[in-house]
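Me: I would like to go through the labels used for this structure and ask what each one rests on. Please set the value against the cut-off each time.

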Amino acid sequence: MVDTSSFGWDGHVAPTPLEEYSRRYADFFEMRREDGILELRLHTDGGPYVHNWAAHNAWNRVWQDVGNDPENHVLIITGTGETWFQGDPRQTWPKPLVEETPDYIFQQTIDAWKLIENFVNNIDIPTIAAVNGPGIHTEFALMCDVTLTAEDADFMDPHFMVGTAPGDGLALALQHLMGTKRAAYAIYGGTSIPARKALEYGLVSDVLPREELVPKAWQLARDIMKRPRFARWATHNILNRPWRKLVAEDFGFHFSQQSLATVASKALIPDPDLVADARQRKVW
């Protein structure tokens with residue numbers, strides 16, 4: 001721990017320690033820290049992450065606790081098992097969003113908004129994602145400084161395909177990293193972008209066998225830790241600058257469009273018929 005008593009700061013309010021916030025988010029992240037390197041591993045009951053709104057609510061707050069802890073010097077984010085993300089839309093969205101209470105809609109909006117804003121703005125240390133397999137909600141993995149991916153991972157934005165607008169941050173990442181035309185084609189077509197194509201398009205930094213993925217992330221993190229703290233901090237600020245500008249200028253517009261499309265349709269999103277079509281096409 002940083003000994004702030006030597007600074008002469010009477011009344012200093014200490015940040016939340018890892019021991020406390022690791023317990024708070026234990027249902028969603030397995031955390032371990034060694035020599036200033038913090039690994040967050042998404043999971044559900046110890047297995048692959050299965051999407052749920054409780055986790056979605058926790059993500060925006062865990063970024064704050066991680067960013068506020070001065071003992072964290074490098075962040076690694078990965079998943080569990082052979083998939084990055086699993087989930088059944090029929091369980092996640094049991095009824096049209098417009099039928100929910102205003103407070104429910106507000107909270108879900110704030111969670112999705114702060115998920116991106118807090119990740120980009122609150123974490124002032126180098127970030128490495130190790131995408132361990134296929135799955136959606138890869139926006140914060142793509143917004144890391146370095147994104148490593150397993151050979152069978154894929155990247156796609158399913159929002160338009162299932163009946164709404166692509167505004168949760170993933171389309172923003174796709175547009176920035178692989179260009180306007182490629183992103184539009186992928187989004188309109190619900191196209192899955194496999195790992196090697198993602199590397200070619202500039203979405204990811206490297207493609208590795210799954211068993212090498214997390215060790216490579218830790219090797220890179222340890223190399224980063226050899227440099228002075230101010231150098232690490234300043235370099236992250238430089239590399240993260242495009243994301244902060246994009247989020248400040250465009251993310252609010254993107255997300256408001258998705259919210260409008262989802263609520264104004266007065267329909268169940270994802271649309272069951274469109275989901276069935278997507279499964280038949282084996283794109284989701």
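This is a predicted model: local features need pLDDT of at least 70, side-chain atom pairs count only at pLDDT 80 or more; totals for chains, interfaces and linings use all residues.

Me: Why is Asn 118 called buried?

Reply: Asn 118 has a relative accessibility of 8%. Buried means under 20%, so Asn 118 counts as buried. Asn 118 belongs to helix α4, residues 102-122.

Me: What is Asn 118 in contact with, leaving aside its neighbours within four places in sequence?

Reply: The contacts of Asn 118 are then Asn 60, Trp 63, Gln 64 and Ile 123. Contact here requires heavy atoms within 4.5 Å. With Asn 60 there is also a polar pair: a polar side-chain atom of Asn 118 lies 3.0 Å from the backbone oxygen of Asn 60. The cut-off for a polar contact is 3.5 Å.

Me: Which residues of α6 and α7 meet?

Reply: From α6 they are Ala 171, Leu 174, Gln 175 and Met 178, and from α7 they are Thr 180, Arg 182, Ala 183, Ala 186 and Ile 187. By class, six of the residues in this contact are nonpolar, two are polar and one is charged.

Me: What makes β1 and β8 the edges of the sheet?

Reply: The sheet is open and has six strands, in the order β1-β2-β3-β4-β5-β8, with mixed pairing. β1 (29-34) and β8 (206-208) each have a single partner strand, so one side of each has no neighbour in the sheet. From one strand to the next, the twist averages 20 degrees.

Me: How do you know that β5 pairs with β8?

Reply: Pairing takes at least two bridges. Strand β5 (residues 146-150) is joined to β8 by three bridges, and the two run parallel. Two of the facing positions can be named: Ala 150 has Leu 208 as its bridge partner, and Thr 149 stands opposite Val 207.

Me: And what joins β5 to β4?

Reply: Strand β4 (residues 127-131) pairs with β5 over four bridges, in the parallel sense. Here Thr 149 of β5 stands opposite Val 131.

Me: What makes β5 mostly covered?

Reply: Four of the five residues of β5 are buried.

Me: Asp 35 and His 137 have a positive phi. Which of them is buried and which is exposed?

Reply: Asp 35 has a relative accessible area of 69%; exposed means over 50%, so Asp 35 is exposed. His 137 has a value of 11%, which is under the 20% cut-off, so His 137 is buried. Phi is about 55 degrees at Asp 35, which is not a glycine, and about 55 degrees at His 137, which is not a glycine either. Asp 35 lies in the loop between β1 and β2 (37-42), whereas His 137 is in the loop between β4 and α5 (139-142).

Me: Where is the cis peptide bond that involves Pro 270?

Reply: That bond runs from Ile 269 to Pro 270, with omega near 5 degrees. Pro 270 is in the loop between α10 (229-264) and α11 (272-280).

Conventions. Residues are numbered from 1 along each chain as its sequence is written. Side-chain values use heavy atoms; hydrogens and water are left out. Ala, Val, Leu, Ile, Met, Phe, Trp, Tyr, Cys and Pro count as nonpolar, Asp, Glu, Lys and Arg as charged, and the others, Gly among them, as polar. Buried means under 20% relative accessible area, exposed over 50%, partly exposed in between (1.4 Å probe, protein chains only). A polar contact is a pair of N or O atoms within 3.5 Å; within protein, one must be able to donate a hydrogen and the other to accept it, and residues adjacent in sequence count only if both atoms are side-chain atoms. Axes are lines fitted to C-alpha atoms, for helices over the stretch in contact, and angles run from 0 to 180 degrees between N-to-C directions.
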